[in-house]
Amino acid sequence: MSIRLRLLLLVLGSALLPAFFVGWHYYQDRGRDIAAATGSLAPMARIIAANLDTKIQGTSQLHFGLAQAHDLAVSDKAKCSAFLADVLAKNPQFTGILTINPDGKLFCDSLQTGRVLDLRDRYYFKRALETTNAVIVEPVFGRLTGAPVLQIAYPARDELGQLRFVLLASLDLARFMAAQAKNLPDGVDVVLADSEGRVLGRSSPQPRGVGQGHTLANSGLLRFATETDGETRELVNANGEGEVWAVAHALQVGSGSLHVLAGRSKSELVAAPNQRLAKEIAILVALLLLFLSGIWLLAELSIRFQIGRIAAMAERLGAGDLGVRIPPPFPRGELGKLMSVLNGTAASLEAQRQAIEDLNQKLRCAQELEAQERERLDYAVSNIVQGLLLFDSTERLAVVNQRYIEMFGLSPDIVKPGCSFRELIAHRKAVGSLKGDVDEHCESIRYKVSLGKVSRINLEAADGRLIQVLNQPLPGGGWMTTMEDITQRKADEERIIHMAHYDALTDLPNRTLFSERLDLALQLMKPDEQLAVHYIDIDQFKSINDSLGHPIGDELLKAVASRLRGCLGTADFAARIGGDEFAIIQTGVREPSDTTDLVGRIYRTIREPYECNGHQVTTDASIGIAVAPRDGGDIDQLLKNADLAMYAAKADGRRTYRFFEASMEECAKAHRALEMDLRLAIAGRDLEIYYQPLVNLQSNEVNSCEALLRWRHPERGMISPADFIPVAEETGLINPLGEWVLTTACAEAVTWPDDIKLAVNVSPVQFRSQAFALKVAAALAASGLPPRRLELEITEAVLIHDDEAALEMLHQLRGLGVGIALDDFGTGYSSLSYLQRFPFDKIKIDRSFIKDISGAGESSCIVQAVVNIAASRNMTTTAEGVETEQQRIELRRLGCTEMQGYLFSPAIPAADIAKLFSRRDRRTAGAA
């Protein structure tokens, strides 16, 4: 046996132990990898199912938001489709969004194709007719594309539950599965199938056995999907290969569910351990070879080694590896020189190859740059919004973009580079996109190009669109034509002009156009003619809005506007100048009867009942009239005087009309003067608080005092609150005024005996402030008055406009610990209903019932009923305006708790109230 053979056997024997270790490690590693990969399948399936559920829920939320959008409620199909197109652009996960009318006809489409479809046979549409505000989900395959989508439909209904339209979005399952596939590990295949086994999507581009559009019906995989949830099972596919699958279920769809199946081939599960085994074997072999080489190196340090180095280099050079070198040290003699020559030759060859590669790289870069520039140019031409044509000097088409072909519905097989100018125009004539004669059209273009100037014309297409055409001659012959559809731009410009001069709700002229027409009418008015301006205000319109809602109010305004149009003469002009205010310009007035006749027609038509969204509404109007030139010769003066006349009609009880009179302006000036004086009084603290006691009818002792505001004007003397409080409420001054009264009265009440409460009136204007409860808390904190000693008096006017918000504020005040009294009880419409909705502490019976309580009328019965209601709800009762002893006796007999009025004391200044309590304390001390 030779030494080389013995060395070889020694090396092989030494390799047995590492080989055993590698095999044992491979067995352990393979088991761990299979367990980890198998265990991850079920979480992956659940995550993808959850993602699909999220997409469906997100689409449901999008449907709910879109159902409220105003742009879907319009009758303009193009505007609706454009709105849906914008929504689709922001939601690329959908292949399309559309709305379906209740009759099943397609209304608007995000693709803006203008197609006509009847969708009554669709499952989701039938379900939408049967359900209310529930989302219907149905997986289908596109009839044209074959692509799978989830049809997600939502029935949008109005307040009465009537179906307005069905909103439909098609979720792109191919896109969804592609997005999920990005997060999947290599080798994992995910299948999305419905309960019938139809495959709706797969993550793998080359599926095993089945794919998108195939079916799993009657397969073990479908049985596994329908029988389990979240489990993992090993199955054998149609090719006899072992696979591991896990299943999760998505949201309930139609009559079944969507199943998400995640699987891997067993061969792929062991691929990674096999690769690691191969790598470890390769490393082991390398180590063995290294060990063997070392032994060989020890055995052979002679010429054979050096010749081997040279032979190895020559072999690598022959294989094309010009970077190979024989490393030093070199032996002496011819072999060393030969090694140096080989290294030099290899270096020279490598330098030459590098130079060639550099030249090739530069050539490739130049070609790529040229291709990029060409691609950018093609992209720019294809995506500009105008249609583009480029003709050479022979009238042959050199460039055409897709926009031009789409603009006129042309065939790309005909309209392409090389097509002659006349052939193109003849093709347009054939498809119906050109009016007129072909040759005349061609000659017209040629003539304009021959002038050498840019020409611009607007043409009306056969389908009614307005096209702007720009022809620009090119140097060297030929020309470039751009065509832009400006139909929408022109329509938008016209709509903007209309919106600037017309009211959006009623489509009547607005204040701007009204002023322009009034100015023109004044200029054209003849010397023997008059002109009347009618200001019309709808009576109690705010009450209609508050009670029935703004949609009903809007319908009423539109109906009033329509009826006003019918009252006008041929030369008259009507406009809406404010919320519920209209105005009419009546020209050619010669007699007062001309104006009163128009007013009569207005009242006859406006007082007829209105049908507004299922509600029958009646209304009336207050009308003010100013006549030119008697009441003014310019716009501002006429409008101001008509407005004053209208407010005079409202002040006279509404439902009537008034001509302007000079005294009306004096009243307006007096109103403004009172407002200015009130502002000065608030700033100068010229106001003061009086207090009127409330007396217990059984003990005749004072229980509380009501704070009442008084104004002593330096010139006019005492001004009644009935005169200045409405002004304060109208101008908003009631807020700082009421806050001052509350703060001042609380500070005064702290000095009273501890058993005496303070009552403060609250205006409805104050009550609408969301910070009112905080202001009450601040006043209590600043004065130190305990909340139990403060009582706030409100009227039904606080509750009637927005009772939900008012009740919320009442509960906030009750949370502070203050008492709440309902003032002027019995004078409103809903007194009893408010007692049911909020537990008041006190009811104040209006003085109108106390006045005749001793007589034979029904007042005593009403008071008795109120006392009984209050007693059943643990509320006290206070009778207002008690002036006679007989009234007090009757009230005590009926069981009323307190009285307030001149019989005991009028409202007196704070100093007199303090004296009253001092006398009471001395009497109490004397009795003790």
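Me: In which loop is Asn401 found?

Reply: This is a predicted model, and in it Asn401 is found in the loop between β12 and α11, the helix of residues 402–408.

Me: Is Asn401 buried or exposed, and which backbone atoms lie by its side chain?

Reply: A residue counts as buried when its relative accessible area is under 20%, and because the value for Asn401 is 1%, this residue counts as buried. A polar atom of the Asn401 side chain lies 2.9 Å from the backbone oxygen of Gln386, and a polar atom of that side chain also lies 3.2 Å from the backbone nitrogen of Tyr404.

Me: Which peptide bond joins Ala628 and Pro629?

Reply: Most peptide bonds are trans, but the bond that joins Ala628 and Pro629 is cis, with omega at about 5°. Pro629 has its place in the loop between β21 (621–628) and α19.

Me: What length should α19 span, and how far apart are its end C-alpha atoms?

Reply: Helix α19 has 17 residues, 635–651, and at 1.5 Å a residue it should span 24 Å; its end C-alpha atoms are 24 Å apart, so the two values agree.

Me: Which residues of α19 are buried, and what is found at the start of this helix and just after it?

Reply: An α-helix has 3.6 residues a turn, so residues three or four places apart point the same way. In α19 the buried residues include Ile635, Leu638, Leu639, Ala642, Ala645, Met646 and Ala649. At the start of α19, a side-chain oxygen of Asp634 comes to within 3.2 Å of the backbone nitrogen of Asp636, while just after the helix Gly653 has a positive phi of about 105°.

Me: How do the axes of α22 and α24 cross?

Reply: The axes of α22 (residues 734–749) and α24 (residues 772–783) come within 8 Å and cross at roughly 30°. Angles under 35 degrees count as roughly parallel, and therefore α22 is roughly parallel to α24. The crossing is right-handed, and Glu739, Leu742, Thr743, Cys746 and Ala747 of α22 meet Lys775, Val776, Ala779, Leu780 and Ser783 of α24.

Me: At what angle do the axes of α29 and α30 cross?

Reply: The axes of α29 (residues 859–872) and α30 (residues 885–894) come within 10 Å and cross at roughly 45°, which makes α29 oblique to α30. This crossing is right-handed, and the contact is made by Ser860, Val863, Gln864 and Val867 of α29 with Glu890, Leu891 and Leu894 of α30.

Me: Is Asp503 buried or exposed, and which residues does Asp503 touch?

Reply: Asp503 lies in the loop between α14 (487–501) and α15 (511–524), and because its relative accessible area is 15%, Asp503 is buried. Leaving aside residues up to four places away in sequence, Asp503 touches Leu508, Pro509, Asn510 and Arg576.

Me: How far apart are Gly161 and Thr132 in sequence and in space?

Reply: Gly161 and Thr132 are 29 residues apart in sequence, and 7.6 Å apart in space from C-alpha to C-alpha. Gly161 is found in the loop between β4 (148–157) and β5 (163–172), and at 33% relative accessibility Gly161 counts as partly exposed.

Notes. Residues are numbered from 1 along each chain as its sequence is written. This is a predicted model: local features need pLDDT of at least 70, side-chain atom pairs count only at pLDDT 80 or more; totals for chains, interfaces and linings use all residues. Side-chain values use heavy atoms; hydrogens and water are left out. Helices (H or I, at least four residues) and strands (E, at least two) are DSSP runs, numbered from the N terminus. The expected span of a helix is 1.5 Å times one less than its number of residues. Buried means under 20% relative accessible area, exposed over 50%, partly exposed in between (1.4 Å probe, protein chains only). A polar contact is a pair of N or O atoms within 3.5 Å; within protein, one must be able to donate a hydrogen and the other to accept it, and residues adjacent in sequence count only if both atoms are side-chain atoms. Axes are lines fitted to C-alpha atoms, for helices over the stretch in contact, and angles run from 0 to 180 degrees between N-to-C directions. Angles under 35 degrees count as roughly parallel, over 145 as roughly antiparallel, 65 to 115 as roughly perpendicular and the rest as oblique. A crossing is left-handed if the near helix is turned anticlockwise from the far one by less than a right angle, and right-handed if clockwise. Contact means heavy atoms within 4.5 Å.
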